Amino acid sequence: MGKFLQEFKQFAMRGNVVDMAVGIIIGGAFGKIVSSVVADIIMPAVGVLVGGVNFTDLKIVLKHAVMEGDKVITPAVTINYGNFIQVTFDFIIIAFAIFMMVKGMNALNKKKTEEAPAAPPAPPADIQLLTEIRDLLKDKK
C-alpha cells in the first residue's frame, strides 16, 4: 500500500499534472468572464443592430403549455435555437481569445529561441583528431 501511495504522489506532483490542473481552473474562470462579456456586452449590442432581438428568447414552440388558471399543468415543448446561437457566439469568442493568447505565447517563445546564442561550430575533423591525440598523450604521463 505504501508503494502505491508513493507512486500516486509521484504522479500527482509531476509538473505536467499540476500545470494541467492550474490550466483547467484558470480556463473555467476565464470561460465565465468571456461568457459574461458575450452575454452582457456583445449580445445586447448585436441585438440592437438586428432590431432588438434577444437571441436567448428565440425558440420554436412544438407544443404549447397547458395552463389551468395561473398554474402550468404541462410545460411547453420548445426548440431553443436562440440559446444555441448564444453558445456559438460564446465559443467563437473564447476560441479567438485562446488563439490570440497562444499566438502571443508562441511569439514570446520564438524571441527566447532567437536570443539564445548559437552553439559554436564543431572544429574541423583534423583539429578534432589532433585534440584527441593531445588528450591521450596527457593521460599517458
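## Basis

In this predicted model, local features need pLDDT of at least 70 and side-chain atom pairs count only at pLDDT 80 or more, while totals for chains, interfaces and linings use all residues. Residues are numbered from 1 along each chain as its sequence is written, and side-chain values use heavy atoms, with hydrogens and water left out.

## Annotated segments

The unreviewed UniProt entry places the annotation "transmembrane region" on residues 21–43 and 84–102; such annotations may be inferred rather than shown by experiment. Residues 21–43 are 100% helix and 0% strand, with end C-alpha atoms 31 Å apart, and residues 84–102 are likewise 100% helix and 0% strand, with end C-alpha atoms 27 Å apart. Helices here are DSSP runs of H or I with at least four residues, strands are runs of E with at least two, and both are numbered from the N terminus.

## Pocket and lining

The largest pocket has a volume of about 160 Å³, where a pocket is an open set of points on a 1 Å grid over the protein atoms alone, fitting a 1.4 Å probe, with protein on both sides within 12 Å along at least five of seven lines. Its lining, meaning residues with an atom within 4 Å of a point, consists of I26, G27, F30, I94, I98, M101 and M105. Helices α2 (15–49) and α3 each supply at least two lining residues, and the largest share, four residues, comes from α3.

## Residue M101

M101 is found in helix α3, and it counts as partly exposed because its relative accessibility is 47%, a class that lies between buried (under 20%) and exposed (over 50%), using a 1.4 Å probe and protein chains only.

Note on methods. Points joined across faces, edges and corners; volume = space filled by probe spheres on them.
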